[in-house]
Structure formats: C-alpha cells, structure tokens
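Please examine the sequence and the structure before reading on.

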Amino acid sequence: MTDDTILETTIREPSMTAGEAEMLLFALERSRAQFAWKCGGLDAAGLGRRHPPSTMTLGGLVKHLALVEDWTAAWKLNGQSPGAPWDADWEWRTGAGDPPEELYALWRAAVARSRAAIAEVLADGGLDQPSRLTTDAGESPNVRRILVDLHDEYARHVGHADLLREAVDGLVGEDPPQP
C-alpha cells in the first residue's frame, strides 16, 4: 500500500442543530468516506478482482463514481460537459484494468471538483434553486434533488463495495475507524 492508494476516510459530524444543507452534505461525505474505506489501499489485483457471476470490480466502482461526481458537478449543476476522460465512449467496468494510482487520483480529483461546484451552487442560491439539468420532460430538478441523487448513487455502490472488499481481504464494517 502506497500513499497514492490511501483515500481520506475521516467522517466529520455535523452540529447538533444542523440545517438541511449541512445534513445533506454530511450524509454525502459519510458515504464518500465509507466508499473510500472499502475501496482504498488496494493493489491492482484487489481492484480488478471479479466475483462471478458479476463482472463488477472495486476498480470499476471507483471509476464509475468518479464519472458520477464529474457529471453531477459539471453537467447537472453547471450545465457544462464534464470533459476528458468522459468524452470518450466508456464502460464503467474498464476500471478493473487501470493502475490503482490512476484510479484513486481520478476519483480524488472528481470529488474535489464536485465539492467545489456544490459549495459554489449552495452559496449562490441554496438547495431550492433549479439545477442546470433539463429532463426529457423539460423540467429542471432543484439542487436538493441532484444532491440526494448523488448520495443515493453512493449508498447503492457502498453496498456493492462492502461485499466486494470482504471477498478481497475480509475487511468488514459500516464506518471506517476514526482517529
């Protein structure tokens, strides 16, 4: 395990009188920390290990959630293309063959861009403002809906990562150990 493969897993508790935005961001950050704990610190073999009949891998999940972070920040919140590497025709399971340091760097950078975009949007109008996403029905969900959807994406995949990681090296538990 190298420093490049260690992911941040600190969970910062919200205040006891937290408002809606603070609680929503806490839930998202807790799910990110859980995901980082389940996926971090692995070598290529651990990230690429499949568990039939599924073809899902921890590396694929890392790459998939990097994509989700970038699509949420760029497209849904700001109405822009997320850019490279997401412009190419891409299948999320390709992460199984990528080097760990690249996967972890990709996810860290996407999370940083997403955090910055979320902070900017919340400072510029809060949860009730419409996002830049327009559905096929012509509706624009509010920022609250976009953030709940992002959290739900993590919640779904933390469950996958939990099972996959246990099969790789036996790591189990709900929350990462805290300092």
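This is a predicted model: local features need pLDDT of at least 70, side-chain atom pairs count only at pLDDT 80 or more; totals for chains, interfaces and linings use all residues.

Q: Why is T72 called buried?
A: The relative accessible area of T72 is 2%. Buried means under 20% relative accessible area, so T72 is buried. T72 belongs to helix α3, residues 58-78, and, leaving aside neighbours within four places in sequence, is in contact with L77, I146 and L150.

Q: What makes α3 and α4 roughly parallel to each other?
A: Helix α3 and helix α4, the latter residues 100-123, pack at an angle of about 25° with their axes 8 Å apart. Angles under 35 degrees count as roughly parallel, and α3 and α4 are therefore described as roughly parallel to each other. The crossing of α3 past α4 is left-handed.

Q: Which residues make the contact between α3 and α4?
A: Among them are V62, L65, A66 and E69 of α3, and L103, L106, W107 and R113 of α4. By class, the contact has 13 nonpolar, three polar and four charged residues.

Q: How do you know that A33 counts as buried?
A: A33 has 3% relative accessibility. The cut-off for buried is under 20%, so A33 counts as buried. This residue lies in helix α1, residues 20-39.

Q: Which residues is A33 in contact with, leaving aside its neighbours within four places in sequence?
A: A33 is in contact with E8, T9, T10, I11 and P176.

Technical notes
Residues are numbered from 1 along each chain as its sequence is written. Side-chain values use heavy atoms; hydrogens and water are left out. Helices (H or I, at least four residues) and strands (E, at least two) are DSSP runs, numbered from the N terminus. Buried means under 20% relative accessible area, exposed over 50%, partly exposed in between (1.4 Å probe, protein chains only). Contact means heavy atoms within 4.5 Å. Axes are lines fitted to C-alpha atoms, for helices over the stretch in contact, and angles run from 0 to 180 degrees between N-to-C directions. Angles under 35 degrees count as roughly parallel, over 145 as roughly antiparallel, 65 to 115 as roughly perpendicular and the rest as oblique. A crossing is left-handed if the near helix is turned anticlockwise from the far one by less than a right angle, and right-handed if clockwise. Ala, Val, Leu, Ile, Met, Phe, Trp, Tyr, Cys and Pro count as nonpolar, Asp, Glu, Lys and Arg as charged, and the others, Gly among them, as polar.
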